Amino acid sequence: MILVNTDYISGKELEMLGMVKGSTIQSKNVGRDITQSFKTLVGGELKAYTEMMNDARALATKRMVEEAEKLGADAVVNIRYASAAVMQGAAEVMAYGTAVKFKA
């Protein structure tokens, strides 16, 4: 499966199959949340949250690819990511794009 954030793939003629998406809502445990809140006092990267968001993006991408595979897609073009805070310490991440099949 080819994944790109452009609306084309060089050298390929594409047939659009439709929009595909994947999403997840992730949170950290309360203990981690407390330790990360102390980090905001001194500044610096909140590594636990960076890891959480990386994991969430990977899972959302995986789910998007699975949806594209069900449509028989060869690739997903014009991929975008969106995120939103759902509650303190939890975030939704969505990956979406257009599933395409290569024309013969």
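**Sheet, helix and surface**

Student: In β3, which residue is the bridge partner of L3?

Tutor: This is a predicted model, where local features need pLDDT of at least 70, side-chain atom pairs count only at pLDDT 80 or more, and totals for chains, interfaces and linings use all residues. Numbering runs from 1 along each chain as its sequence is written, and side-chain values use heavy atoms, leaving out hydrogens and water. Strand β1 (residues 2–3) pairs with strand β3 (residues 75–87) in the parallel sense over two bridges. I2 stands opposite A75 in β3, and the partner of L3 is V76.

Student: What counts as a strand or a helix, and what pattern does the protein chain follow?

Tutor: Both are DSSP runs, numbered from the N terminus: helices are H or I with at least four residues, strands are E with at least two. The protein chain has two helices and four strands. Read along the sequence, the pattern is β-β-α-α-β-β.

Student: Over how many bridges do β3 and β4 pair?

Tutor: Two strands pair if DSSP finds at least two bridges between them. Strand β4 covers residues 90–102. The sense is antiparallel, and the number of bridges is ten.

Student: Which residue takes a positive phi in the hairpin of β3 and β4?

Tutor: Two residues lie between these strands. The phi in question is near 80 degrees. The residue is G89.

Student: Which strands stand at the edges of the sheet?

Tutor: The sheet is open, with four strands in the order β1-β3-β4-β2 and mixed pairing. Each edge strand has a single partner, so one side of each is left without a neighbour in the sheet. The edges are β1 and β2 (14–27).

Student: How far apart are the end C-alpha atoms of α2?

Tutor: Helix α2 holds 24 residues, 47–70. The expected span is 1.5 Å times one less than the number of residues.

Student: Is T61 buried or exposed?

Tutor: T61 is in helix α2. Buried means under 20% relative accessible area, exposed over 50%, and partly exposed in between, with a 1.4 Å probe and protein chains only. T61 has 14% relative accessibility, so it counts as buried.

Student: Which residues does T61 touch, not counting those up to four places away in sequence?

Tutor: A contact means heavy atoms within 4.5 Å. T61 is one of the buried residues of α2, which also include M53, A60 and M64. The residues touched are L3, Y81 and A95.

Student: What is the C-alpha separation of D55 and Q26?

Tutor: D55 is found in helix α2. At 42% relative accessibility it counts as partly exposed. D55 and Q26 are 29 residues apart along the chain, and their C-alpha atoms are separated by 8.5 Å.

Student: What accessible area do I25, V86 and M87 have together?

Tutor: V86, in strand β3, counts as partly exposed because its relative accessibility is 46%. Patches take residues with over 30% relative accessible area and no salt bridge; nonpolar side chains (Val, Leu, Ile, Met, Phe, Trp, Tyr) are joined within 5 Å, like charges within 9 Å. A salt bridge puts a side-chain nitrogen of Lys or Arg within 4 Å of a carboxyl oxygen of Asp or Glu. The three residues form a nonpolar surface patch of about 320 Å².

Student: What share of the accessible surface belongs to carbon and sulfur atoms?

Tutor: Areas come from the Shrake-Rupley method with a 1.4 Å probe; for residues, only the protein chains shown count as cover. The protein chain comes to about 6600 Å². The carbon and sulfur share is 53%.
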